[in-house]
Amino acid sequence: MNLTTDTIASHNDDRVARHRNLLAPWTDSIEQTESIIEKLMAFQIAIPSWALGTGGTRFGRFPGGGEPRSLEEKISDVGLLHALNRSSGAISLHIPWDIPQDAQAVRQLADSYGLAFDAVNSNTFQDQPDQLESYKFGSLQHVDRAVRQQAIDHNIEVIRHGVELGSKSLTVWLSDGSSFPGQLNFRKAFERTLGGLQDIYAALPDDWKLFVEYKAFEPNFYSTTVGDWGSSYLYASKLGPKAYTLVDLGHHLPNANIEQIVAILLMEGKLGGFHFNDSKYGDDDLTAGSIKPYQLFLIFNELVGGMDARGMSHATDLGWMIDASHNVKDPLEDLLQSVEAIQLAYAQALLVDRDALEAARDNNDVVQAQEILQDAFRTDVRPLVAEARRRAGGALQPLALYRSLHIRDQLIRERGAKSVATGL
Ligand code: LRH
Ligand code: MN
Ligand code: MN
């Protein structure tokens, strides 16, 4: 599906007068406004290849039709999102759900849409039909050396695919853990897992990063071997300077203070990237910002403050990615919503008066500190995000344009009503 610049221009022409009215109050503080718009234009959020189909739950799946049937069609879907919002300029692959047959051709295709390849992800949480050993009792933690070696070899194979595509990082999420007390020797499981990660780390190219993603629960419900940011940090520290912690917002125990975790990891130079989503109960993988938008803002507040303090670039120094699932929504619509929610939180965090906030903190002025944050959070920054999109060549209202063009109907006609994308 290709979206022409003319289509976007005519959509914008119809809306630009109203948009300019909404933007008018922002011209009073022109320097700050321009600086925020520039930062938003540079900010890209990677789309996971496995979020382009309807995910479903373990109880059922209700495919909406027109789902991508191949890696090429997944790239085309992300290309479409990027054409609409100019902020989804990367795709993250999950191997073996996505195996590039001809890496050069796949790379060229992505390039034609202006897409880069973000982190590649390994999968040792499912058994594949042709595999010798089973991951039923874990992968890198497994008591059997042969299982561990199979998982190590798989990760090295994933790095190889990533190198061919121009990716620069590997995300390792392990479902390893135990379901019942007594099942596992925690210390031995940790040591075996560390040994496996060390072998994978040794295979990383010099300019690559390894992201260790943690998760407190599921599919094991008693213990997880990389269960929290503390253990991920420990693995990353023991591995070396190319290893970092990856924070998936849905992987914490209820009410965890994620913004504090982010602040500390960033301070230690060990925050590598994000999987953005939202949740009410567990790893619900809902649209970013749909349940706890204030939390998303508070996380961005730490990111902006912490990254600026370390002189890091918001555009390049962290891996920003969505990790969501869609049971009842059109995946492409949901992804447009998530990207916008992330940009809004970022823009609001850029509004925070950091000097005033520090002064309030130093004076123990709790009320003022809270007011400063809430003032930024309650500001409607939608015109800024829309303006950044317009200047970058995107649509003022991506979702409205997507709907008015009946893109899902077109995809169903092209790919069929029963196409099902690979993924969870
Ligand atoms: C695990 C997870 C991890 C996987 C993805 C499919 O819950 O967040 O990032 O790779 O889901
Ligand atoms: Mn994740
Ligand atoms: Mn998850």
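How many helices and strands does the secondary structure of the protein come to? The count is 15 helices and 11 strands. Keep in mind that this is a predicted model.

**Stop 1: the whole chain**

Along its principal axes it spans about 65 × 60 × 40 Å. The radius of gyration is 22 Å, close to the 22 Å that the globule rule gives for 424 residues, so the protein is as compact as a globular protein of that length. Of those 424 residues, 46% count as buried. Now think about contacts between residues at least 6 apart in sequence: 79% of them join residues at least 24 apart.

**Stop 2: the open sheet**

Select the strands β4, β5, β7, β9, β10 and β11. These 6 strands form an open sheet, in the order β4-β5-β7-β9-β10-β11. Their pairing is parallel. Which strands sit at the edges? They are β4 (120-121) and β11 (319-322), and each pairs on one side only. In general, strands of a sheet pair through backbone hydrogen bonds, either parallel or antiparallel.

Zoom in on residues 271-276, which make up strand β10. β10 and β11 pair in the parallel sense over 4 bridges. Pick out Phe 274 and look across to β11: Trp 320 stands opposite.

**Stop 3: a residue in β10**

Stay in strand β10 and select Leu 271. Is Leu 271 buried or exposed? Leu 271 counts as buried because it has 30 C-beta neighbours inside 10 Å, and the cut-off for buried is 20 or more. Leaving aside residues up to four places away in sequence, Leu 271 touches Tyr 244, Thr 245, Val 262, Leu 265, Leu 266 and Leu 318. Leu 271 and Tyr 233 are 38 residues apart in sequence, yet their C-alpha atoms are 8.8 Å apart in space.

**Stop 4**

Select residues 145-165, helix α5. This helix packs on the sheet and touches β4 and β5 (169-173). The direction of α5 makes about 150° with that of β5.

The crossing is right-handed. Show the side chains where the two helices meet. From α5 come Arg 148, Ala 151, Ile 152, Asn 155 and Ile 156. From α6 come Arg 192, Gly 196, Asp 199 and Ile 200. By class, this contact has 4 nonpolar, 2 polar and 3 charged residues.

**Stop 5: two cis bonds**

Go to Pro 96, in the loop between β2 (90-92) and α4 (103-112). The peptide bond from Ile 95 to Pro 96 is cis, with omega near 15°.

Then jump to Pro 219, in the loop between β7 (209-213) and β8 (223-224). A cis peptide bond joins Glu 218 and Pro 219, and omega is about 5°.

**Stop 6: two positive phi values**

Select Asn 255, in the loop between β9 (243-248) and α8 (258-267). What is phi of Asn 255 near? Phi is near 65°, a positive value in a residue other than glycine. Asn 255 is exposed, because 6 other C-beta atoms lie within 10 Å and the cut-off for exposed is 12 or fewer.

Finish at His 406, in the loop between α14 (398-404) and α15 (407-415). His 406 is not a glycine, but has a positive phi of about 50°. With 11 other C-beta atoms within 10 Å, His 406 is exposed.

Notes:
Residues numbered from 1 in each chain as written. Chains lettered and ligands numbered in written order. Predicted model: local features only at pLDDT ≥ 70, side-chain atom pairs only at ≥ 80, totals over all residues. Pairing = 2+ DSSP bridges. Contact = placed C-beta atoms within 7 Å. Axes fitted to C-alpha atoms, helices over the stretch in contact; angles between N-to-C directions. Left-handed = near helix turned anticlockwise from the far one by under 90°. Nonpolar A, V, L, I, M, F, W, Y, C, P; charged D, E, K, R; others polar. Rg over C-alpha atoms; globule rule 2.2 N^0.38 Å.
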